[in-house]
Amino acid sequence: MVTTVQSSDLTQLGQNNITGPLYVMMSPQEVITANQRSIAPRTQPHTQQPGASRDDKRRAQHNEVERRRRDKIHYWIVQLSKTMPNCEVDYTKTGQSKGGILSNACDYIQKLRQGNHKLGEDLETLERLRIDNQLLRQEVEDWKSKNQILGNLLKEPGIVGASNSESH
């Protein structure tokens, strides 16, 4: 059982210099009534070193920087999960882990890259087909023009088509 001990309980224990919440792994009544120390006593008396307050400040500052870094990482992982299809963050025990979200993001990015590459190849193929189609249309127009010229020549007096003379 994890319990938060109030400052009034700490004064009963003779602990006046503790600030912030204190988490205890037993009931508050057991903490107050316990007379024996459950951990081994120190072999040497604890003396506060002269630079300890500076070290405490540095440690607290480092802890704050580290907390902000973790918060920022968490924020961007949540944003990443919101932008990917089929990947919502669920804050229950059955929800995706951060590693799972990052793994899905890598898979999704890889699929997007493959799809983009395929679309690029399709675009190149489409451009080649468009050029081929344009050339074939031009060739059809050339053949139509030649056919028109030959048809006009056959309509002139005195010219008989080869297919007509062989059939007689």
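A salt bridge is a side-chain nitrogen of Lys or Arg within 4 Å of a carboxyl oxygen of Asp or Glu. The model is predicted, so local features need pLDDT of at least 70 and side-chain atom pairs count only at pLDDT 80 or more, while totals for chains, interfaces and linings use all residues. Residues are numbered from 1 along each chain as its sequence is written, and side-chain values use heavy atoms, with hydrogens and water left out.

Seven salt bridges are present in the structure. Select Asp 122 and Lys 118: their closest N and O atoms are 3.0 Å apart in a salt bridge. The two residues stand four apart in helix α4, about one helical turn; helices are DSSP runs (H or I, at least four residues) numbered from the N terminus. Asp 122 is partly exposed at 35% relative accessibility, a class between buried (under 20% relative accessible area) and exposed (over 50%), computed with a 1.4 Å probe and protein chains only.

Next, select Glu 127 and Arg 130, whose side chains form a salt bridge at 2.6 Å, N to O.

Move to helix α3 (residues 52–83), which holds both Asp 71 and Arg 67. Their side chains meet in a salt bridge at 2.7 Å, N to O.

Finally, return to helix α4 (residues 98–154), where Ile 149 lies. Ile 149, Leu 150 and Leu 153 make up a nonpolar surface patch with about 280 Å² of accessible area together. Such patches comprise residues with over 30% relative accessible area and no salt bridge, like charges being joined within 9 Å and nonpolar side chains (Val, Leu, Ile, Met, Phe, Trp, Tyr) within 5 Å. Accessible areas come from the Shrake-Rupley method with a 1.4 Å probe, and for residues only the protein chains shown count as cover.
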